[in-house]
Amino acid sequence: MNRQPPVLEVRGLTTEFKGRKTAVTVVDQIDFTVHKGETLGIVGESGCGKSVTSLSIMRLLGKNGKVVAGSVLFEGKETLQLEEREMRSIRGNRLAMIFQEPMTSLNPVLTIGRQIGEVLQLHTSLGQEERKRRAIELIAQVGIPRAHEIYGEYPHRLSGGMRQRVMIAMAMACRPQLLIADEPTTALDVTIQAQMLGLIREMKQEAGMSVMLITHDLGVVAEMCDRVLVMYAGQVIESADVRTLLRSPKHPYTKGLIRSVPHHSRGEKRLYAIAGNVPSPGEWPVGCRFAPRCTEAMPVCYQQSPELKNMPDGSSCRCWLHDAEGRDIP
Ligand code: SF4
C-alpha cells in the first residue's frame, strides 16, 4: 500500500470521439491513482485506450474528442472543470508530457533554446538572460554535449535520441509534479532507449516527481514501474504492484502479454502471440471484451461483462475466472 499522498486521482473517466454517425466511446469509466514519487505503468496493445487516457488528463484531445464523464483530480484540483487559461498554467508546469515522436511536439522552425525558453517564459518570472542560462543548464542536464551550441540549433539537425532528450529537458523545465510519458522510447534503438529510461529515472529521483508511463513494452514496465494498470478495449482489466503482476498475473490477457515477451531461457522456437486483434472502439463485443481472443472463455463470458474486482493481495482483476474474494473459480 502506497502511503504517499495522491498526485493524480482519476475516477470514472470516459472519453468519446466523433464517429461517422454517432459518438464512439474510446475510454470507458476508468479509475486509477498516481501517488507522490511513484511510477505507474499503463500497458496494453495499440488501440486499447492508453494514449487517449493521457490526452484526456492533459485536455489535449483535439476537436473530435471529449471527456463525457468522470473526474480528474490533479493535486486535489478538478482539472476537467478548469478554464483553458487555468489549464494552460498547469500544463507544461506542474503537469508535463513527453510523446513518442518528438518532431510532432517540437516546432521545426524554432531553435531548441527558443523552445525551452518559451516554456520558462510562460511559467516562470525569469528574465531573458536567466532563461538562457537555465535552458543551457537543462540541455546539459539531459546529457546533450555542447549545450551552448545545441541551444542555437534547429530540431531537424539533431538525432531522434537527442530530440527526445530535448523533449525531456522541456518537460523538466518547470520541475513538474507529474510527468506523463507516452511510449517515450518506442522509436529509439535499444541502447538509446536504455539511456532515456535511465534519464527519466534520474530526473524523477532528483525532482521527487511522479511518472505515468504509457507503454506496450513489459520489459520497460519491469525496469521502471512501481505499479501497473493493464488496459484492454477502453477498460482497466487488471492492476497490481509490478512484482505481483509480472510473477502471478490473473487476467488471461495479462498472461498472454507476459508470454509474448521474448525469453531466452524458455527456448521457444516461435514467439507466442495472442491470437486476433484488439476490437476497434464501437465494435466492442457484448460480455467480456477479450472473450473472442481468450483461450479460457466460458459461456458466461459471451453474455455478461465482468466487473473489476478487488483482490485480497491489493490487485484488481476483471474476469469471470476470479471471484471477489480473489479465489479462482473452478
Ligand atoms: Fe477470458 Fe472470460 Fe476472463 Fe474474459 S471473463 S478474460 S473471456 S475467462
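## Polar contacts between the domains

A polar contact is a pair of N or O atoms within 3.5 Å; within protein, one of the two must be able to donate a hydrogen and the other to accept it, and residues adjacent in sequence count only if both atoms are side-chain atoms. In this predicted model, 5 residue pairs are in polar contact between domain 1 and domain 2, both residues being at pLDDT 80 or more. Salt bridges across the interface of domain 1 and domain 2 number 0 by the rule applied.

The domain assignment divides the protein chain into domain 1, comprising 6-94 + 174-317, and domain 2, comprising 104-173. Domain 1 contributes 20 residues to the contact, and domain 2 contributes 14 residues. The centres of the two domains, taken over C-alpha atoms, are separated by 29 Å.

Between them, domain 1 and domain 2 bury about 1,400 Å², with 67% of this area on carbon and sulfur atoms. Of the area that domain 1 buries against domain 2, 38% is supplied by Cys174, Leu199 and Met203, more than by any other three residues. On the side of domain 1 that touches domain 2, helix H2 (84-90) and helix H8 (190-207) each supply at least two residues. H8 gives the most to that side, with 8 residues.

## The open sheet

Eight strands form an open sheet with mixed pairing, in the order E6-E7-E8-E3-E9-E10-E12-E11. Strand E6 (95-98) and strand E11 (309-310) stand at the edges; each has a single partner strand, so one side of each is left without a neighbour in the sheet.

Within this order, strand E3 (residues 39-43) pairs with strand E9 (residues 227-232) in the parallel sense, over 4 bridges. Gly41 stands opposite Val228 in E9. Helix H7 (residues 160-172) lies across E6 and strand E7 (178-182), and runs at about 175° to E6.

## Salt bridges

The rule gives a count of 17 salt bridges. One of them joins the side chains of Asp28 and Arg289, at 2.7 Å from N to O. Asp28 lies in strand E2 (residues 23-35), whereas Arg289 lies in the loop between helix H11 (252-259) and E11, so this pair ties together parts that are 261 residues apart in sequence.

Key
Residues numbered from 1 in each chain as written. Predicted model: local features only at pLDDT ≥ 70, side-chain atom pairs only at ≥ 80, totals over all residues. Heavy atoms only, no water. Pairing = 2+ DSSP bridges. Contact = heavy atoms within 4.5 Å. Axes fitted to C-alpha atoms, helices over the stretch in contact; angles between N-to-C directions. Domains from an automatic or database assignment. Buried area = accessible area lost by both parts, 1.4 Å probe. Salt bridge = Lys/Arg side-chain N within 4 Å of Asp/Glu carboxyl O.
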